[in-house]
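Please read them with the structure open.

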Amino acid sequence: MDHFGRNKIKDLLKSHESFVGNNVIVKGWVRTKRGNKNVAFIALNDGSIIHNIQVVVDVQNFDENILKLVTTGACLKVHGKLVESAGSGQKVEIVAESIEIYGTADAEIYPLQKKGHTMEFLREIAHLRPRTNTFGAVLRIRHAMAFAIHKYFNDNGFYYIHTPVITGSDAEGAGAMFRVTTLDAANPPKKEDGAIDFVQDFFGKPTNLTVSGQLEAELGAMALSLVYTFGPTFRAENSNTPRHLAEFWMIEPEMAFYEITENMDLAEDFLKSLIRYALENCYDDLEFLNEMYDKELIERLKSIVNVDFERLSYTRAVEILEKCGEKFEFPTAWGSDLQAEHERYLVEKHFKKPVILTDYPKDIKAFYMKQNDDGKTVRGMDVLFPRIGEIIGGSQREEVYEKLYSRMKEMGVSEKELWWYLETRKFGTAPHAGFGLGFERLILFVTGMSNIRDVIPFPRTPMNAEF
RNA sequence: UCCUCCUUAGCUCAGUUGGUUAGAGCAUCUGACUGUUAAUCAGAGGGCCGCUGGUUCAAGUCCAGCAGGGGGAGCCA
């Protein structure tokens, strides 16, 4: 019993031995009601667990007008005795002694039915979809993964650092940005040459929502050694795919004294640890998702935990792709970025396990990546997963001032805006590395859902900011 | 942003070479049933066939534009 005077349905179902025979109080939402003149069965769910508890109602003992209001979607308080179930299908059930209606749900217009709905329809009623089995499971797993991330880093000596959501830099190089301004969009102040006068804006200069906390996280790593960020990230790309959001959550660890190999070791151990946590703590929800959406989900998760990720260089990957005999829509050539079909071939057909690719051509990677001695490649690393492709992107960072500076010049990155970033290489620089994990892509993988819009409560995508 | 497919009842979908009154399952409502498990059985109500225009004697069906959605690609996490 918690301090709101209720028993969680999870406790009653999971520890039923200690509750059988007791008077209990449950509060929750009706999933179904069925029965006849004499007896009614209510399936009640409070979100504490995917399973419903069955409430048995001796119809003669209740006001007919109250029972009429017990419809799918209504919210109830039920007081009764927990007993071993007389029927098969559940171990225990509650014999109702009183029922209080907290909130009715007009069955004629309540959109959720007890039968299955498509994901597309549920997205249109995102305010109600947490009440479905699927979204309850996804949201509980999402919570568990967020917790497991903090736990993993805390257990391993990392410090959680809060990087800014509003940034004055538009040179982070990770995609189009959302402008943040208090200027009047219809009539902004102009300078003499007609350009918008950002001196009059809130911050006195143009600002945007962050596309990455990495550069600031590096500043933290240059003092606390091991840090990570976990926060919202915004990309104004017109991306319409099941793997992209305009607003998503990203985890970015940054480690002083780590080189590319330690970076890979951490990424692999981190991912395995999170998946193991899901298997150990979310099994009921995973079983449901496995049954309803993806019959190989649990087996796939277990196999990831027990396999060594394949590690190879970009150059070696291109060799494999050129010799494999597979017909690709786009030919492979050293120097151009791998296409999705190439990555999928490596992960799903050639190696049949997660793959970490490293040492990419410098021209297809960001300015801050550590340059190799060959003058052609940089120490970037992408972790590729089955079904979803790139789940992690990271690198060892270039810590030598001159090399970083010249690369910025070559790639047109503003040293004026990133003067503070450059100064970390001027004062006590150190080898370091880090990576970014897309939180929703992790949740996609762990839940077996197929569209990223279905693993975040309120997805933001081009032309959609409802709710 | 590009390619492609889709849009018919509250939901999921049928709807023939263009042809007269628009179909099913589920949901809802009414009734039956003494323990149901996505209960079952009987009956009823429920439609701007996405929107706009065009072709035709006749359009849910063919054509064009627009809107929304799915899948694939690119950008990436």
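1. A residue is taken as near the strand if one of its heavy atoms lies within 4 Å of it. In this predicted model, 50 residues are found around RNA strand B, and Arg-34, Ser-88, Thr-241, His-244 and Arg-441 come nearest.

2. What kinds of residue make up this surface? The residues of the surface near RNA strand B comprise 23 polar, 15 charged and 12 nonpolar.

3. Specific polar atoms can be picked out on both parts of the RNA. For the bases, a polar side-chain atom of Gln-54 lies 2.4 Å from a base oxygen of RNA strand B. For the phosphates, an N or O atom in the side chain of Thr-118 is 2.9 Å from a phosphate oxygen, and a polar backbone atom of Ala-340 is 3.2 Å from a phosphate oxygen. The elements that give two or more residues to the surface near RNA strand B are the strands β1 (23-35), β11 (247-256), β15 (389-396) and β16 (432-438), together with the helices α3 (119-124) and α10 (340-350). Of these, β15 gives the most, with four residues.

4. Leu-404, Arg-407 and Met-408 are buried. Why do they lie on the same side of α11? They cover an arc of only 100° around the axis, which puts them on that one side. An α-helix has 3.6 residues a turn, so residues three or four places apart point the same way. On the other side of α11, Glu-402, Lys-409 and Glu-410 are exposed. Just after the helix, Gly-412 takes a positive phi of about 70°.

5. The cover over the buried residues of α11 includes α12 (419-426), and Thr-424 is found in helix α12. Is Thr-424 buried or exposed? Thr-424 counts as buried because its relative accessibility is 12%, and the cut-off for buried is under 20%. The side chain of Thr-424 reaches the backbone oxygen of Tyr-421 at 2.5 Å. A polar contact of 3.0 Å also joins the side chains of Thr-424 and Arg-425. Beyond its neighbours within four places in sequence, Thr-424 is in contact with Leu-219, Met-222 and Thr-429.

6. Tyr-314 belongs to helix α9 (residues 314-323). Tyr-314 counts as buried because its relative accessibility is 0%. Leaving out residues up to four places away in sequence, Tyr-314 touches Ala-333, Trp-334, Gly-335, Ser-336, Leu-338, Thr-358, Asp-359, Tyr-360, Pro-361 and Ile-364. With one of these, Ser-336, there is a polar pairing: the side chain of Tyr-314 reaches the backbone oxygen of Ser-336 at 2.6 Å. Tyr-314 and Ile-141 are 173 residues apart in sequence, and their C-alpha atoms are 34 Å apart in space.

7. On confidence, the mean pLDDT of chain A is 93, and 98% of its residues reach 70 or more. Where in chain A is confidence lowest, and where is it highest? Helix α2 (residues 64-68) is lowest, at a mean of 90, and strand β6 (residues 159-160) is highest, at 98. The model scores ipTM 0.90 and pTM 0.95.

Technical notes
Residues are numbered from 1 along each chain as its sequence is written. Chains are lettered from A and ligands numbered from 1 in the order in which they are written. This is a predicted model: local features need pLDDT of at least 70, side-chain atom pairs count only at pLDDT 80 or more; totals for chains, interfaces and linings use all residues. Side-chain values use heavy atoms; hydrogens and water are left out. A polar contact is a pair of N or O atoms within 3.5 Å; within protein, one must be able to donate a hydrogen and the other to accept it, and residues adjacent in sequence count only if both atoms are side-chain atoms. Ala, Val, Leu, Ile, Met, Phe, Trp, Tyr, Cys and Pro count as nonpolar, Asp, Glu, Lys and Arg as charged, and the others, Gly among them, as polar. Buried means under 20% relative accessible area, exposed over 50%, partly exposed in between (1.4 Å probe, protein chains only). The arc is that of the directions from the helix axis to the C-beta atoms. Contact means heavy atoms within 4.5 Å. pLDDT is the predictor's confidence in each residue, from 0 to 100.
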